[in-house]
Amino acid sequence: MALDPQAQALLAMIYRVGAPRFHELDTHQARRSFEKLQGTFGPEARAVSSVTEVPIPATHAKDGVIMARLYRPLSAGPDEILPVAFYFHGGGWCIGDVASYDGLCRELAHLSGVAVLSVDYRLAPEHPFPTAVEDALRAVTWSLANAALLGIDPSRFALAGDSAGGTLSAVTALQLRNANGPQAALQLLIYPCTDILSQRPSRREFASGYFLDTESLAWFFERYLPNQDDWNDWRASPINAGRFDGLPPATFILAECDPLTDDGKAYAALLGEAGVPVAVHEFEGMVHGFFSLGKYFPQAVKAVERAGDALRAALLG
């Protein structure tokens with residue numbers, strides 16, 4: 001499991017200059033650090049036909065609105081009804097936002113030919129578990145119910161996200177199945193966190209020196225899940241859901257040198273055993289977080305292309 005030379009160079013630079021890791025920062029500092037990383041190494045903002053800010057009423061009126069951003073690809077006609085991919089950003093449920101994922105979502109819209117709705121779910125520690133889970137489900141159900149307003153086809157949608165957003169996608173698919181609700185055509189799960197309390201080998205092998213270290217994982221978990229009794233809740237650790245039949249087909253994009261990679265493989269195996277079609281793409285030598293850093297990693301460009309292809313195949317046939 002050799003670390004890719006470019007990943008090694010980036011990590012060496014980070015550690016050489018003594019850049020603080022997430023667990024050494026307060027929440028505001030961690031958010032700014034993540035924004036800078038995405039702004040420096042994220043993909044360029046590709047032209048799309050339109051970008052629309054979408055306020056989604058939260059489940060409870062007192063909570064106001066959940067903001068989302070809808071991207072339509074240049075290939076789409078102005079009145080064309082499009083399939084939609086809901087995208088939930090990464091950041092350990094504590095950092096990240098729609099703005100820092102703007103370039104990536106534009107790229108996914110371009111490559112897939114479908115609309116992309118990027119959801120700005122509320123973050124911990126201000127809004128701990130299960131707020132993000134509730135916001136993700138609300139964004140999907142409200143958007144499908146108001147499909148005509150958004151110019152999307154409610155019968156053709158996908159759930160996509162990286163890291164914490166991958167977890168939210170998996171959990172939303174489970175919630176929709178449990179409620180006998182509409183089923184997505186695809187779960188696009190990019191190095192999701194599927195088991196908070198995992199003791200699988202990758203957690204130990206990549207515990208330190210591979211960007212997402214053990215201390216940083218704990219930093220995120222403790223803020224998102226201040227009540228440790230929730231760490232086994234399947235809405236936080238979907239590997240504990242109990243049954244996995246009746247779920248949408250799943251495409252996984254994993255990083256080889258990532259403490260979460262074995263958890264992703266374990267979840268993929270459970271889906272496969274339950275009869276769910278599964279495809280797993282593991283990128284050798286990559287670290288957690290590479291997918292959104294296309295300006296630095298050539299592998300990220302390939303991974304995003306693969307994601308776009310998966311969305312196109314599932315939603316456009």
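In which sense do strand β5 (residues 152–162) and β6 pair, and over how many bridges? Strand β5 and β6 pair in the parallel sense over five bridges; two strands count as paired if DSSP finds at least two bridges between them. Helices (H or I, at least four residues) and strands (E, at least two) are DSSP runs, numbered from the N terminus.

This is a predicted model, in which local features need pLDDT of at least 70 and side-chain atom pairs count only at pLDDT 80 or more, while totals for chains, interfaces and linings use all residues. Residues are numbered from 1 along each chain as its sequence is written, and side-chain values use heavy atoms, with hydrogens and water left out.

**Strand β6 and its partners**

Alanine 158 stands opposite leucine 186 in β6. On β6 and strand β7 (residues 250–257), the pairing is parallel over four bridges, and glutamine 187 has alanine 250 in β7 as its bridge partner. Five of the five residues of β6 (residues 186–190) are buried, so the strand is largely enclosed by the rest of the structure. Buried means under 20% relative accessible area, exposed over 50%, and partly exposed in between (1.4 Å probe, protein chains only). In a regular strand the side chains alternate between the two faces of the sheet. Both faces of β6 are covered: one side carries Leu186, Leu188 and Ile190, the other Gln187 and Leu189, and all are buried.

**Aromatic pairs**

The structure holds 17 aromatic pairs. Rings of Phe, Tyr and Trp (its six-membered ring) pair if their centres lie within 6.5 Å; planes under 30 degrees apart count as stacked, over 60 as edge-to-face and the rest as tilted. Two edge-to-face pairs are listed below.

| Pair | Centre to centre | Angle between the planes |
|---|---|---|
| Phenylalanine 41 and tyrosine 296 | 5.1 Å | 65° |
| Tryptophan 219 and phenylalanine 220 | 5.1 Å | 90° |

Phenylalanine 41 lies in helix α2 (residues 27–41) and tyrosine 296 in the loop between β8 (278–287) and α10 (298–316), so that pair links parts of the chain 255 residues apart. Phenylalanine 41 counts as buried because its relative accessibility is 18%, and tyrosine 296 does so at 17%. For tryptophan 219 the value is 4%, which counts as buried; for phenylalanine 220 it is 5%, also buried. Elsewhere, ring pairs link Trp93, Phe129, Phe221, Tyr224 and Trp231 into a cluster.
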